[in-house]
Amino acid sequence: MEKAKAWVKNEYFDSASKKEIQDLIDSKDEKELTERFYKDLSFGTGGIRSIIGQGLNRINKYTVRKATQALAEAIKNQDPIDGKYKVAISYDNRRFSFDFAKYSFDYFKHWFFALVELNSYLLLLECYAQIKKFGIPLS
């Protein structure tokens, strides 16, 4: 409950995000609040997997930004390729996929990464071909 209250008070989160959590606090939905805040969303071998919603254990623009930051830090620990850190970002037809890709793109752009935006619904093999073409180790 304390993490949920801290979320609502934090100026970093937008008003819609705060309202979603405040409504759960007001309705005393402790089961849902516990599910959303009992742990930070983890990044596994298949990427991030969770329910879309507000909270630390949900996929939202804040957890996507956090995962992007962690990935950027890991990339910066590697040797750059041709003097640049390269990243490919794509999206698919899942809900908010384009928005989450944009949050990641903007973060990497801010930190001067060389970016390739695969801006269409490419088949996996097409994505792989583009990644190889641009010499990108991570995508």
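The structure is a predicted model, and across the protein the pLDDT averages 83, with 85% of the residues scoring at least 70. Among the elements, helix 2 (residues 15–26) has the highest mean pLDDT, 96, whereas strand 4 (residues 114–118) has the lowest, 61. Where pLDDT is low, the predicted coordinates should not be read in detail.

Arg58 sits in the loop that runs between strand 2 (47–48) and helix 4 (61–76). Is Arg58 buried or exposed? Its relative accessible area is 4%, which lies under the 20% cut-off, and therefore Arg58 counts as buried. The side chain of Arg58 is joined to the side chain of Glu32 by a polar contact of 3.2 Å. When neighbours within four places in sequence are left aside, the residues in contact with Arg58 are Glu32, Glu35, Arg36, Leu41, Ser50, Ile51, Gly53 and Thr63.

The second largest pocket holds about 320 Å³ of space. Of the 17 residues that line this pocket, those closest to its centre are Leu41, Tyr62, Thr63, Lys66 and Ala67; Leu41 and Thr63 are also among the residues in contact with Arg58. Helix 4 gives the largest share of the lining, with eight residues. The table sorts the lining of the second largest pocket by class.

| Class of lining residue | Number in the second largest pocket |
|---|---|
| Nonpolar | eleven residues |
| Polar | three residues |

Terms used: Residues are numbered from 1 along each chain as its sequence is written. This is a predicted model: local features need pLDDT of at least 70, side-chain atom pairs count only at pLDDT 80 or more; totals for chains, interfaces and linings use all residues. Side-chain values use heavy atoms; hydrogens and water are left out. Helices (H or I, at least four residues) and strands (E, at least two) are DSSP runs, numbered from the N terminus. Buried means under 20% relative accessible area, exposed over 50%, partly exposed in between (1.4 Å probe, protein chains only). A polar contact is a pair of N or O atoms within 3.5 Å; within protein, one must be able to donate a hydrogen and the other to accept it, and residues adjacent in sequence count only if both atoms are side-chain atoms. Contact means heavy atoms within 4.5 Å. On a 1 Å grid over the protein atoms alone, a cavity is a set of points where a 1.4 Å probe fits but cannot get out, and a pocket is an open set with protein on both sides within 12 Å along at least five of seven lines; lining residues have an atom within 4 Å of a point. Grid points are joined across faces, edges and corners, and a volume is the space filled by probe spheres set on the points. Ala, Val, Leu, Ile, Met, Phe, Trp, Tyr, Cys and Pro count as nonpolar, Asp, Glu, Lys and Arg as charged, and the others, Gly among them, as polar. pLDDT is the predictor's confidence in each residue, from 0 to 100.
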